[in-house]
Amino acid sequence: MVGQQGLQPAWIGRLSGEIRDVHGSTAHGPSGVQTYQAYGPLQILRKIAISRSFWCVDSAEKDLAWVPNVNDRDKRGWIRGNRTEYKHGSTYLYGGEEIWTHYDYAEYILKRFVDESDSDGPSWNLAGQANILKDLEETIPLSTTQTVDQVLRRLIPTKLGIDYTIFAHDGGFVIYVYALSSLDFSFAGKTLPKNPNTVQIQASQTTDNIQTHVSQSEDHGYKRVRVLGKRIVVCCSLRGKQIEEPNSETLVKKWSDELETDYKHGTGDIMDEPAAHDAVRAQDQFRPVYQQYGAPADWDFHLVQAAPKLDAAGQLVAEPADFQRQVRDTLSYLPLREGFDYGPTDDPDDWPVDNTPTGHEPNFRPPAVWIGMPDPRQPLNPDAPDWFAPVDWLGMAVNVSLTDLGVFLSAPPNHLLADGHWGGPFDAYGTETVPLYDYEKLVATLAFESDQRLIFSLELPDASPSGGTKDILVDDAEFWYLTPYTVIGTDE
């Protein structure tokens with residue numbers, strides 16, 4: 001544009017098309033209308049698709065043909081979407097255990113997929129209030145392919161009070177980040193700074209201003225904001241009747257006395273061979289007998305120690321949370337890792353010790369069950385304490401209950417666990433297997449989802465239902481709680 005200051009760039013972009021309307025020849029020569037389609041630099045970002053990712057594998061840079069979600073774990077809990085500890089060239093890469101900030105990932109996207117400064121094309125950089133992005137570390141879901149513009153919209157979301165525009169600068173472009181608010185806001189130890197670039201309109205002194213329209217609205221305002229994570233995962237131990245305190249009996253049988261009697265009687269004829277009785281006991285109807293265990297219906301959640309409650313800031317409080325007993329199920333894993341030494345130790349900073357090899361992702365532990373028996377090293381000492389062994393060492397499988405807080409064991413045959421409960425020959429008819437273990441000496445460590453969830457809440461002093469409540473769901477925000485006196489292993 002030509003102005004009082006001479007030639008001034010009014011727009012920088014790309015002319016991507018041309019249309020000519022030819023009007024034909026007149027007395028003054030050929031005439032017509034020539035139209036150009038002009039796009040700004042945003043169009044460049046809309047036309048670059050991302051369906052690959054750059055990794056550091058064994059100190060070498062790799063270009064792989066898929067894109068992991070940012071800061072995500074797979075269904076096994078393995079890290080696969082985090083960044084390296086150090087930059088490779090101008091950016092971090094996938095393949096490490098560090099958390100991507102939104103700034104890191106925006107820089108990675110621009111430099112790895114957009115910047116053309118090495119081949120005399122435009123450079124791309126972050127500018128403005130881009131440091132705001134260094135405080136954001138969300139999990140960002142990505143699909144098989146997406147454009148750079150779509151990724152930046154997730155990295156610089158307007159729902160968090162920030163936006164961006166694109167300026168031409170020094171032979172290239174900058175993603176200019178800015179806050180949408182004219183005031184500073186602080187929450188959870190972080191501050192969203194105000195936008196320093198404001199414009200003052202003085203309508204009475206503007207000669208070409210015919211009318212000024214100012215609108216104020218509270219339609220998008222809320223008196224209460226809550227950030228919702230997942231339900232709390234609680235890990236605790238349930239103990240049979242003959243296990244001493246700290247907790248009373250919390251692992252009870254889940255089969256009826258009538259079914260147990262039918263199991264003991266086998267064919268129903270005491271004169272039948274033991275093998276015939278055992279064959280009847282193997283029928284599916286008897287699967288729960290001596291095999292299915294769980295918390296009592298009136299369980300107090302270990303005097304509410306297994307019912308943690310969080311305050312509005314996400315911190316544990318002393319009072320118990322509300323809970324119900326009707327809807328319960330057991331998770332198929334424990335929030336504990338294979339290969340970790342969880343103690344005991346007097347120094348919390350030493351807990352736990354990770355013994356897994358470098359580069360190996362440890363699995364979650366499965367639910368664990370132990371059973372007490374006479375100490376094999378002191379078989380003749382009646383005062384020797386019980387010796388506890390994992391039931392899988394004894395050939396039993398452990399499955400979780402899908403409808404209750406408990407476990408389903410698989411001991412061949414069932415009454416292997418009926419020591420002390422089998423009775424005499426007229427109580428339990430013949431068998432080829434003598435009971436060896438007492439199910440009242442079982443200890444099971446399980447995990448379940450609490451009735452509470454991880455919540456951060458902020459509200460104004462005059463908050464009320466009519467003031468509105470805004471819920472923000474963060475699917476990957478988790479809280480794992482290990483109840484006191486939980487058995488996580490046995491020593492010699």
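Predicted model: local features only at pLDDT ≥ 70, side-chain atom pairs only at ≥ 80, totals over all residues.
Figure 1. Arg-226 belongs to strand 14, which covers residues 224–239.

**Figure 2. Helix 2 and helix 3.** This view shows helix 2, residues 102–114, together with helix 3, residues 148–155. Their axes come within 10 Å and cross at roughly 170°. The two helices are therefore roughly antiparallel to each other, as angles over 145 degrees are counted in that way. The crossing of helix 2 and helix 3 is left-handed.

Figure 3. The side chains of Glu-61 and Arg-112 meet in a salt bridge, with 2.7 Å from N to O. The pair links distant parts of the chain: Glu-61 is in strand 7 (residues 60–64), Arg-112 is in helix 2, and the two are 51 residues apart. Glu-61 has a relative accessibility of 43% and therefore counts as partly exposed. This pair is one of the salt bridges in the structure, for which a search of the whole model gives a total of 21.

**Figure 4. Lys-62 in strand 7.** Lys-62 also has its place in strand 7. Its relative accessibility is 37%, so Lys-62 counts as partly exposed. Lys-62 and Gly-95 are 33 residues apart in sequence, and their C-alpha atoms are 9.8 Å apart in space.

**Figure 5. A network of salt bridges around Lys-253 and Asp-257.** Five residues, Lys-253, Asp-257, Glu-260, Lys-264 and Asp-427, are linked in a network of salt bridges. Lys-253 is partly exposed because its relative accessible area is 28%. Asp-257, with 47%, is likewise partly exposed.

**Figure 6. The salt bridge of Asp-375 and Arg-377.** Asp-375 and Arg-377 form a salt bridge in which the closest N and O atoms are 3.1 Å apart. Are the two partners buried or exposed? Asp-375 has a relative accessibility of 5% and therefore counts as buried, the limit for that class being under 20%. Arg-377, in contrast, has a relative accessibility of 54% and counts as exposed, the limit for that class being over 50%.

**Figure 7. A nonpolar patch on the surface.** Trp-11, Leu-15 and Tyr-36 form a nonpolar patch on the surface, and together they have about 350 Å² of accessible area. Tyr-36 is located in strand 4, which spans residues 29–39. At a relative accessibility of 46%, Tyr-36 counts as partly exposed.

**Figure 8. Two aspartates with positive phi.** Most residues other than glycine have a negative phi. Asp-58 is not a glycine, yet it has a positive phi of about 55°. Asp-58 lies in the loop between strand 6 (53–57) and strand 7. With a relative accessible area of 75%, Asp-58 is exposed. Asp-120, which is not a glycine either, has a positive phi of about 65°. Asp-120 is found in the loop between helix 2 and strand 8. The relative accessible area of Asp-120 is 79%, so Asp-120 is exposed as well.

**Figure 9. A cis peptide bond between two prolines.** Most peptide bonds are trans. The bond from Pro-412 to Pro-413 is cis, and its omega is near -10°. Pro-413 is found in the loop between strand 24 (406–410) and strand 25 (442–459).

**Figure 10. Lys-134 in a loop.** Lys-134 lies in the loop between strand 8 (123–128) and strand 9 (146–147). Its relative accessibility of 41% is the reason why Lys-134 counts as partly exposed. Lys-134 and Thr-198 are 64 residues apart in sequence, and from C-alpha to C-alpha they are 23 Å apart in space.

Key
Residues numbered from 1 in each chain as written. Heavy atoms only, no water. Patch = residues over 30% accessible without salt bridge, like charges linked within 9 Å, V, L, I, M, F, W, Y side chains within 5 Å. Areas by Shrake-Rupley, 256 points an atom, 1.4 Å probe, with all protein chains shown as cover. Salt bridge = Lys/Arg side-chain N within 4 Å of Asp/Glu carboxyl O. Helix = DSSP H or I, 4+ residues; strand = E, 2+ residues; numbered from the N terminus. Buried < 20%, exposed > 50% of the residue type's maximum accessible area, 1.4 Å probe, protein only. Axes fitted to C-alpha atoms, helices over the stretch in contact; angles between N-to-C directions. Parallel < 35°, antiparallel > 145°, perpendicular 65-115°, else oblique. Left-handed = near helix turned anticlockwise from the far one by under 90°.
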